[in-house]
Amino acid sequence: LLTSMVVFRVDRNIISYNTAISACGTVGNWSLALVLLTEMEGDILLPDVISYNAAINACAGSWFVAVQHLSGMRSHRIVSDSISYHSLLDVCRGRDADDSFNE
């Protein structure tokens with residue numbers, strides 16, 4: 001999707017990136033989610049709390065990477081919120097964050 005946007009000369013924005021990062025998490029492709037998070041800066045976009053929360057949530061199965069991204073939020077002066085910590089806890093428990101909302 002993001003590549004198609006470039007081909008059709010549609011500007012990629014933070015919403016399109018956040019959507020793509022969330023989609024990567026949904027299908028379990030956390031490595032691509034993290035690539036997209038890094039790629040945002042190449043498009044001169046600053047990831048926000050939603051970007052990081054989506055990336056943390058996508059890290060199911062890799063709690064260490066999720067913790068690193070929570071720390072990355074601090075180094076980029078992005079204030080974490082309750083969703084950030086909830087997603088991190090779910091990753092550490094080996095659960096998908098969406099599962100806990102359905103209980």
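Where pLDDT is low, the predicted coordinates should not be read in detail. This is a predicted model, with a mean pLDDT of 82 for the protein. Of its residues, 82% reach 70 or more.

Now the overall fold. The protein has seven helices and zero strands. Read from the N terminus, the order is α-α-α-α-α-α-α. The protein has 103 residues, and 38% of them are buried. Its accessible surface is about 6300 Å². Carbon and sulfur atoms account for 60% of that surface. Take the contacts between residues at least 6 apart in sequence: 52% of them join residues at least 24 apart.

Next, one residue in its surroundings. Val65 lies in helix 5, which spans residues 63-75. Is Val65 buried or exposed? Val65 counts as buried because its relative accessibility is 13%, and the cut-off for buried is under 20%. Which residues does Val65 contact, leaving aside neighbours within four places in sequence? They are Trp30, Leu34 and Cys59. Ala55 sits ten residues away from Val65 along the chain. The C-alpha atoms of Val65 and Ala55 are 9.6 Å apart.

How values were computed
Residues are numbered from 1 along each chain as its sequence is written. This is a predicted model: local features need pLDDT of at least 70, side-chain atom pairs count only at pLDDT 80 or more; totals for chains, interfaces and linings use all residues. Side-chain values use heavy atoms; hydrogens and water are left out. Helices (H or I, at least four residues) and strands (E, at least two) are DSSP runs, numbered from the N terminus. Buried means under 20% relative accessible area, exposed over 50%, partly exposed in between (1.4 Å probe, protein chains only). Contact means heavy atoms within 4.5 Å. Accessible areas come from the Shrake-Rupley method with a 1.4 Å probe; for residues, only the protein chains shown count as cover. pLDDT is the predictor's confidence in each residue, from 0 to 100.
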